[in-house]
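Work through the exercises below with the structure open. Try each task before reading its solution.

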Amino acid sequence: MEPDVSASSAQAGPLFARMAVIGLGLIGGSLARAARESGLVGQVLAADRSEDELARGVELGVIDGYGTMEEVVSGADLVVVAVPVRATREVLEQIRPFLGPDVVLTDVGSTKGSFVAVVNEVLGGWPPRVIPGHPIAGSEKNGVSAARGDLFADHKVILTPPEDVDADALSRLTSLWQGCGATVLTMSVARHDEVLAATSHLPHLIAFSLVDTLAGEDQNMEIFRYAAGGFRDFTRIAASDPVMWHDIFLSNREAVLRVIDHFNDDLAQLRQAIDAQDGDALLRVFSRARAARHHFSKMLSGQAYVTDMSQKPVRFRLQPGGSIAGDIRVPGDKSISHRSIMLGALADGVTEVEGFLEGEDSLATLQAFRDMGVTIEGPDNGHVRIRGVGMNGLQAPRGPLYLGNSGTAMRLFTGLLAAQPFDSELTGDASLSRRPMGRVADPLRAMGAVIETGEGGTPPLRIRGGQTLSGIHYDMPVASAQVKSCLLLAGLYAEGMTSVHEPAPTRDHTERMLEGFGYHVHRDAATASVNGGGKLTAGRIDVPADISSAAFFLVAASIAEGSDLTLRHVGMNPTRTGVINILKLMGADIEVSNEREIGGEPVADLRVRSATLHGIDIPEEQVPLAIDEFPVLFVAAACAEGRTVLRGAEELRVKESDRIQVMADGLKAVGVETTVTPDGIVIDGGQTIAGGTVDSHGDHRIAMSFAVASLRATGDIQVNDCANVATSFPGFVEMARQTGIRIDAQEEQ
Ligand code: NAP
């Protein structure tokens, strides 16, 4: 039979003609049942010291039959030892005489070093068809009655094969576990025992110990009566089988002792911090742990950082009319929040960030720097404190750096890591893993970087450290702020000058923030250059309010009669102010005051009052400067007198959604006709915005744009699929309501 790891054996015939299970308990019984149910094994026989269990196994349909060790093992082509770890030696000694020459032998024990030691002693070596295994699945129950055919579905099974493993045996055993629904990983025996000591054995030890301590402290158990849910969750594993666990600790002694010592040291430090009333130290550890917990759950499930699995669909309900008034500050700019982490980590000194927006890019970057030894506290209500390690202070991460769904983080990191003395690997979620990274890898290679990509230039990216980079001049074939930033970051470490020329203007937040951190960037028309070898100096950054978020309120106050609104501390980066320029061309009344500079970025306060807008031909040079703001500008156009024409905006058709089409569909749903063109749209203003139901297609900017449109509508508007708004603009609904939009957000049932 052709072993095929991925194929379902139902069509290919059984993988093993006869499986012998020694020890028909929870795990042995569950594997027997799953193997039988999937048809992967011709016949399943079992041996156990309890005849009752075996008879129950037949009765429950878990096995085909049972017998003595000799009867079930002779003639079996797969033998699974599923007895408690301490019984392994006895069982191996008993079955050894009956093992056929081609038999595959495996086990399910929770420790692997002890199994291999016994194999070596009893079988006189570690044969290539003996493949130890450990399913990471189980329950607190024992015995065959608790066996379940789906116990291993969506769980992991670790195999620890010998170096000279028989490939066919490994492939068939892998297929068997996969056929039971498990994901199979292979690793060395030592690694298995260490990983399990840390992630399973130590937590069990702590749970047993904690419950015992508390039970001993309070003889009448009064204390448990007040135990909250957290205690119950945390100590659930103390209900596990004591005999099995005493076995596990004795057989994985060394690895467990190492991790207990490590934990003891850390616990002693926490004790010391409490004793010394050192709140900072406690906060540092707790915030690092909380972030790590979040990071691991994202990483393990391969998700983006801002994906919230518990997120329910949200719908906006809007009543028509209203006017806008107040004095507000919208959340911080995403790109600037992100870069504040990067440069803060590489700076000398402590960088304090206020107004930080927790976007995908910044959260991914924050975690990656933590993985490289940078202490970062927060984010906590927009406040982040970064203890910079200096340009050469990053430490090699212990594993791949996981960047969720952030393409920006991956591209910027590639430049930064290409220049570090250590090797690194960058990975991301499924969607990031499909995005091409050649646009950054190619010019970096020209600088001397050594970068391996996956097929088609996609992640994972493996970056070889210790290379000396040389500055280059790079003419970007396509304008991209990410490519430019990546090369400039590499350029900080390169010999000589690195310069990047852009064919069209792109956002220049990296250049400005470098200047803000005291690193000179030479800018000459469309070329930005840095000289390698400088340093960054930490400071305080009050992240400017995001102009893309402010845009909704600029349009809202312009179109709603009787409005007067002040927006504070808005980022006025000239590569982003297209929305203000366009609105002003349409006749908007926007007053800019209190202009100043924060961390290299211009900011200002904006006062906007209602005005009669008129349609315009949007100047093409403004299009790249307002690319994210067009959805709400379309609402402004619909409320203007005359025709507005947008051209040169092909990029908008390939954003989170085909923004032009989705906006046109939404406008149509509320009675406004438009004409979509290949690179833009034509909107005749002055049509009545009626009520209706709009599908935002999960595009946060479109959802918010229709909230703004309600101000001039004649009927109720409902916008579906609005959950993403909470990530790009936390607090939008409250702020919209506070300023005068009649909005309610409801979870869809
Ligand atoms: P279990 O339900 O108690 O089953 C073990 C079975 O083996 C029992 O029927 C037991 O009989 C029998 N047995 C014990 N000594 C024997 C011997 N010398 N000869 C023949 N049969 C013997 O235990 P389990 O939970 O399935 O655990 C089995 C193995 O799986 C252990 O090595 C454990 O480390 C591993 N494992 C367990 C879990 C879990 O969550 N439970 C998870 C992963 C791996 P008696 O009842 O008469 O003792």
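A salt bridge is a side-chain nitrogen of Lys or Arg within 4 Å of a carboxyl oxygen of Asp or Glu. The model is predicted: local features need pLDDT of at least 70, side-chain atom pairs count only at pLDDT 80 or more, and totals for chains, interfaces and linings use all residues. Residues are numbered from 1 along each chain as its sequence is written, and side-chain values use heavy atoms, with hydrogens and water left out.

**Exercise 1. Is Glu511 buried or exposed, and which residue does Glu511 bridge to?**

Step 1. Glu511 has 2% relative accessibility, so Glu511 counts as buried.
Step 2. The partner of Glu511 is Lys484, with the closest N and O atoms 2.7 Å apart.
Step 3. Glu511 belongs to helix H19 (residues 509–516) and Lys484 to helix H18 (residues 481–491), so the bridge joins parts that are 27 residues apart in sequence.
Step 4. Lys484 is buried, at 1%.

**Exercise 2. How many salt bridges does a search of the whole structure find, and which residues are linked in a network with Arg659?**

Step 1. The search gives 40 salt bridges.
Step 2. A network of salt bridges links Arg659 with Arg507, Asp628, Asp699 and Arg701.
Step 3. Arg659 is buried, with a relative accessible area of 1%. Arg659 lies in helix H23 (residues 659–669).
Step 4. Look at contacts, meaning heavy atoms within 4.5 Å. Leaving aside neighbours within four places in sequence, Arg659 touches several residues, including Asp628, Asp699 and Arg701.

**Exercise 3. Which residues does UniProt list for "binding site", and where does Gly407 lie?**

Step 1. The unreviewed UniProt entry lists Lys334, Gly407, Arg435, Gln482, Arg659 and Arg701. They are spread over 368 residues of sequence and, in space, up to 22.9 Å between C-alpha atoms. UniProt positions follow the numbering used here, feature names are shortened, and annotations may be inferred rather than shown by experiment.
Step 2. Gly407 lies in helix H16 (residues 407–417). Gly407 is buried, at 3%.
Step 3. Leaving aside neighbours within four places in sequence, Gly407 contacts Leu432, Arg435 and Gln482.

**Exercise 4. At what angle do helices H20 and H24 pack?**

Step 1. Helix H20 (residues 547–559) and helix H24 (residues 700–709) pack at about 20°, with axes 9 Å apart. Axes are lines fitted to C-alpha atoms, for helices over the stretch in contact, and angles run from 0 to 180 degrees between N-to-C directions.
Step 2. H20 and H24 are therefore roughly parallel (angles under 35 degrees count as roughly parallel, over 145 as roughly antiparallel, 65 to 115 as roughly perpendicular and the rest as oblique).
Step 3. Ser548, Phe552, Val555, Ala556 and Ile559 of H20 meet Arg701, Met704, Ser705 and Val708 of H24.

Conventions
Helix = DSSP H or I, 4+ residues; strand = E, 2+ residues; numbered from the N terminus. Buried < 20%, exposed > 50% of the residue type's maximum accessible area, 1.4 Å probe, protein only.
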